Amino acid sequence: LGDIARHHGRTRPERIALAFEGRETRFSALDRQTNQAANALEASGVRRGDAIAYFGKNSDRYFELLLAASKAGAFIAPIGWRLT
């Protein structure tokens, strides 16, 4: 999955990758942001094969974290925010 942002960041950097609630993220920015997030995950101790829980509402930020986790070799375990 991490290759999606990387590939499109190089081949079509100005195309819109994500649009959510008036916020637009271009592929070049998505690749850069997911690289930064992947580095932050690794610096905080996340290793290849680790699971990261995501607890939140629908958002473009979820997809940024999903791609960043993939670049770091981890995976996302989404948890419904309405879970009681």
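This is a predicted model: local features need pLDDT of at least 70, side-chain atom pairs count only at pLDDT 80 or more; totals for chains, interfaces and linings use all residues.
Biologist: Is G9 buried or exposed?

Modeller: G9 counts as buried, because its relative accessibility is 13%, and the cut-off for buried is under 20%.

Biologist: What is G9 in contact with, leaving aside its neighbours within four places in sequence?

Modeller: With those left aside, G9 is in contact with F27, S28 and D31. Also, the C-alpha atom of G9 is separated by 7.3 Å from that of L30, a residue 21 places away along the chain.

Biologist: Where is R32 found?

Modeller: R32 is found in helix α2, residues 27–43. R32 counts as partly exposed, because its relative accessibility is 47%. Between the C-alpha atoms of R32 and I16 the separation is 14 Å.

Biologist: Change of topic: helix α3. How many residues does α3 have, and what does it reach from its first C-alpha to its last?

Modeller: Helix α3 has twelve residues, 60–71, and reaches 17 Å, close to the 16 Å expected at 1.5 Å a residue.

Biologist: What happens at the start of α3?

Modeller: There, a side-chain oxygen of S59 comes to within 3.0 Å of the backbone nitrogen of R61.

Biologist: And what follows α3?

Modeller: G73 follows it, with a positive phi near 85°.

Biologist: Which residues of α3 are buried?

Modeller: The buried ones are D60, Y62, E64, L67, A68, A69 and K71. Their cover includes the helices α1 and α2 and the strands β1 (16–20), β2 (23–26), β3 (51–56) and β4 (75–80).

Biologist: Take D60. Why does it count as buried?

Modeller: D60 counts as buried because its relative accessibility is 2%. Not counting residues up to four places away in sequence, D60 touches L18, F20, R23 and T25.

Biologist: What about E64, buried or exposed?

Modeller: E64 is at 12% relative accessibility, so it counts as buried. Beyond four places in sequence, E64 touches L18, T25, L30, Q33 and T34.

Biologist: Which residues make up the largest nonpolar core?

Modeller: That core has eleven residues: A38, L41, V46, I52, Y54, Y62, A68, A69, A72, A74 and I76. Two or more residues come from each of α2, β3 and α3. The largest share, three residues, is from α3. Apart from this core lies another, of five residues, including A5, L18, F27 and L67.

Biologist: Why would such side chains be buried together?

Modeller: In soluble globular proteins, nonpolar side chains tend to be buried together.

Biologist: How many aromatic pairs does the structure hold?

Modeller: The structure holds two. Y62 and F63 form an edge-to-face pair, 5.2 Å centre to centre, with 80° between the planes. Ring pairs link Y54, Y62 and F63 into a cluster.

Biologist: Are Y62 and F63 buried or partly exposed?

Modeller: Y62 is buried, because its relative accessible area is 17%. F63 has a relative accessible area of 42%, so F63 is partly exposed.

Biologist: One more ring: what lies over the face of W81?

Modeller: K57 does, at 4.4 Å from the ring centre.

Terms used: Residues are numbered from 1 along each chain as its sequence is written. Side-chain values use heavy atoms; hydrogens and water are left out. Buried means under 20% relative accessible area, exposed over 50%, partly exposed in between (1.4 Å probe, protein chains only). Contact means heavy atoms within 4.5 Å. Helices (H or I, at least four residues) and strands (E, at least two) are DSSP runs, numbered from the N terminus. The expected span of a helix is 1.5 Å times one less than its number of residues. A polar contact is a pair of N or O atoms within 3.5 Å; within protein, one must be able to donate a hydrogen and the other to accept it, and residues adjacent in sequence count only if both atoms are side-chain atoms. A nonpolar core is a set of buried Ala, Val, Leu, Ile, Met, Phe, Trp, Tyr and Cys residues joined through side-chain atoms within 4.5 Å. Rings of Phe, Tyr and Trp (its six-membered ring) pair if their centres lie within 6.5 Å; planes under 30 degrees apart count as stacked, over 60 as edge-to-face and the rest as tilted. A charge sits over a ring if NZ of Lys or CZ of Arg is within 6 Å of the ring centre and within 35 degrees of the ring normal.
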